Amino acid sequence: MNQDLKIDARIAFDDFSLDVSHHSRLDGITGLFGPSGCGKSTMLRIIAGLERKAHGQVTFDGETWLDTTRNHFVEPHLRGVGYVFQEARLFPHLTVLGNLRFSEKRSRHLGTAIKLDDVIDALDLSELLSRTTTSLSGGERQRVAIARTLLTRPRLLLMDEPLSALDFRRKAAIIPYIERLPDLFEIPIIYVTHAIDEVARLVDRLLVLEDGRKMAEGPVHDVLERLDLQSSTGRFEAGVVLEAIVSAHDETFNLTHLTCCGQTITMPELDIPVGLPVRLRIRARDVALATSRPAGLSIRNVLEGIIAEIVEEPNTAFAETRVDIGGAGLRARITRASVADLGLKEGGPVFALVKSISFDRRGL
Amino acid sequence: MATISIETITVPDLSPLWLSIQLATVTTIALLLLGTPLSWWLAHTRSRLKAPIEAITALPLVLPPTVIGFYFLVFLSPQSLLGSAWISITGETLTFSFTGLVVASIVYSMPFMVQPLQSAFELIGRAPLEAAATLRASPFDAFRSVAAPMALRAYISAIVLTFAHTIGEFGVVLMVGGNIPGSTKVISIAIYEHVETINYADAHVLSAILIAFSFLVLLFVYAANKRFPLSVG
């Protein structure tokens, strides 16, 4: 864990170019996020050595993989990078077990810290081993692909939208496997996605790309909170990630109380012990603002805060606001008319009414 | 006119059949070794030379065998650079010899090996090879353990087509090899000679053997192909 990745690379295609400079210490899951066609996959392929036309430098853990000034290029099979492709890319002439053994026997000399049986258990594959790859469902294929990649005993695991071809239920079935990987096998992961729910659920640090350029980078809650990323995150899905602690359970009404920034948030009962952290995601469109604490309202979560920023969107009905609720930020998408009617101003006190919250049980 | 009756059927000299099988086997093995890298290169290159080289390998499909045979005769003859060099190394001529037949057959049967393999490699594409590379397989390892098994069906058809086409070759062999028993007199030439000398009985026997042999080879291949269906992609 904790390896340095330094990348300063450029590549040009007929209709698209990528120019990214990025240096970070990889730990846990790093998200690479942005709209389709922004260069996420290309950046991953440059790290893996699959884009031979890339210029610049790539260094990982003190080892230079690419340096075009010195004409230096390390072949992809010598980099020790595991790559989970969007379309699984299982070998059709081998069974599930054959696919797993393909990588296992080519990495056995690197030590057996990752064992075939452990990986089969971790991804729940024991029932599938003798199946042909063409008989698997999409979710099963991706689990086999992840297992096969882990068995290369990689130093760095790259995952390129591994869930994008799956429906909601299959996604939900695989995500728990993915979020356990960094701790279970001690491998840093770079996870490419354009789905904000996967980012909120899985990612610790986030790198946002847009049109082949780096837009933002940092801890996931900081990045998602910032207003200038609207075009990347998409207005409808834009929101923030907050950290909260389970403070109490209410058996009578089946509710769970959480503490976040010194304020209380109530959610339908969560099966998480008191004292443990959870991660909450609140979308900007699910937050309304009021200038006084409202009475006679069914919404339970009303948070006090100060308006930190108001950005009116020209030629639309809407304005994006950022509300400081005591250390963390909330985003609220309201109409420009409301801003005028309520006399909302930056620095003014406000109550944020949260209509809906999604959560992630993972510890922070 | 000869009439066919049971008494007149005797087993003719079968050495032309063995010679044909030898020639086809050697040619097929040589083309496997030469055709694999060539078709791999054609399937993956973005070079400008791709189209001209594809055209050259396909030439034997459209040219009359006599044209190819004629140029082989010119370029392999003892007066030519290649032919005289070969004589000084081996003491034998390339024309009217088994070696010369092999060289000519390799060129003549090339498209039957290269075209099925090239389209299989193109169909397989880069994706499985990239996957193999990220699973620590070197390029050669990826070819051996991923691309070649995925192209198994194409290999079977390429081998059968090359072998059968070499067995059935006539024009090039006649021009380059002539008709030397035990050296260049292959089965198609022997049949031609029997017909020319109105020895229809022997022509019938050799022709029937060739039909039965070809049928059995093709039957085996199609049956095996059906039994082990291998999907690509």
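**Note on the predicted model of chains A and B**

1. Start with helix α6(B). Its buried residues are P128(B), L129(B), A131(B), A132(B), A133(B) and T134(B). A residue is buried here if 20 or more other C-beta atoms lie within 10 Å of its own, exposed if 12 or fewer, and partly exposed in between, with C-beta atoms placed from the backbone. Helices (H or I, at least four residues) and strands (E, at least two) are DSSP runs, numbered from the N terminus. α6(B) covers residues 127-134, and because 6 of its 8 residues are buried, the helix is largely enclosed by the rest of the structure.

2. Basis of the note. This is a predicted model: local features need pLDDT of at least 70, side-chain atom pairs count only at pLDDT 80 or more, and totals for chains, interfaces and linings use all residues. Residues are numbered from 1 along each chain as its sequence is written, while chains are lettered from A and ligands numbered from 1 in the order in which they are written.

3. What covers α6(B)? Both chains contribute. From chain A, the cover of its buried residues includes α1 (40-48) and β7 (81-84); from chain B, it includes α5 and α7 (139-150). Contact means that the C-beta atoms of two residues, placed from the backbone, lie within 7 Å. After α6(B) comes R136(B), with a positive phi near 70°.

4. The contact between the chains. Chain A supplies 19 residues and chain B supplies 16 residues. On the side of chain A that touches chain B, the elements giving two or more residues are β7(A) and α2(A), the latter spanning 96-107. α2(A) provides the largest share, 4 residues. By class, this side of chain A has 9 nonpolar, 7 polar and 3 charged residues. The classes: Ala, Val, Leu, Ile, Met, Phe, Trp, Tyr, Cys and Pro count as nonpolar, Asp, Glu, Lys and Arg as charged, and the others, Gly among them, as polar.

5. Chain B overall. Its secondary structure comes to 11 helices and 0 strands. The C-alpha trace spans about 70 × 50 × 30 Å along its principal axes. Of its 233 residues, 34% count as buried. Among contacts in chain B with a separation of 6 or more, 73% come from residues 24 or more positions apart.

6. Helix packing in chain B. The axes of α3(B) (residues 65-76) and α5(B) (residues 98-124) come within 11 Å and cross at roughly 135°. That makes α3(B) oblique to α5(B). Axes are lines fitted to C-alpha atoms, for helices over the stretch in contact, and angles run from 0 to 180 degrees between N-to-C directions. Under 35 degrees counts as roughly parallel, over 145 as roughly antiparallel, 65 to 115 as roughly perpendicular, and the rest as oblique.

7. Residues at that crossing. I68(B), F72(B) and L76(B) of α3(B) meet G100(B), V103(B), A104(B), V107(B) and Y108(B) of α5(B). The contact has 7 nonpolar, 1 polar and no charged residues.

8. F96(B) deserves a look. It sits in the loop between α4 (81-90) and α5 of chain B. Most residues other than glycine have a negative phi. F96(B) is partly exposed, with 19 other C-beta atoms within 10 Å.

9. Strands pair if DSSP finds at least two bridges between them. V311(A) stands opposite E320(A) in β18(A). The hairpin has 5 residues between the strands, and N315(A) takes a positive phi near 65° there. The loop holding N315(A) lies between β17 (301-312) and β18 (318-324) of chain A. Is N315(A) buried or exposed? N315(A) counts as exposed, because it has 5 C-beta neighbours inside 10 Å.

10. The next hairpin. β18(A) pairs with β19(A) (residues 329-335) in the antiparallel sense over 7 bridges. D324(A) has G329(A) in β19(A) as its bridge partner. With 4 residues between the strands, this hairpin includes G326(A), which takes a positive phi near 100°.

11. One helix residue in chain A. I178(A) lies in α5(A), residues 168-185. With 23 C-beta neighbours inside 10 Å, I178(A) counts as buried. I178(A) and M159(A) are 19 residues apart in sequence, and their C-alpha atoms are 9.9 Å apart in space.
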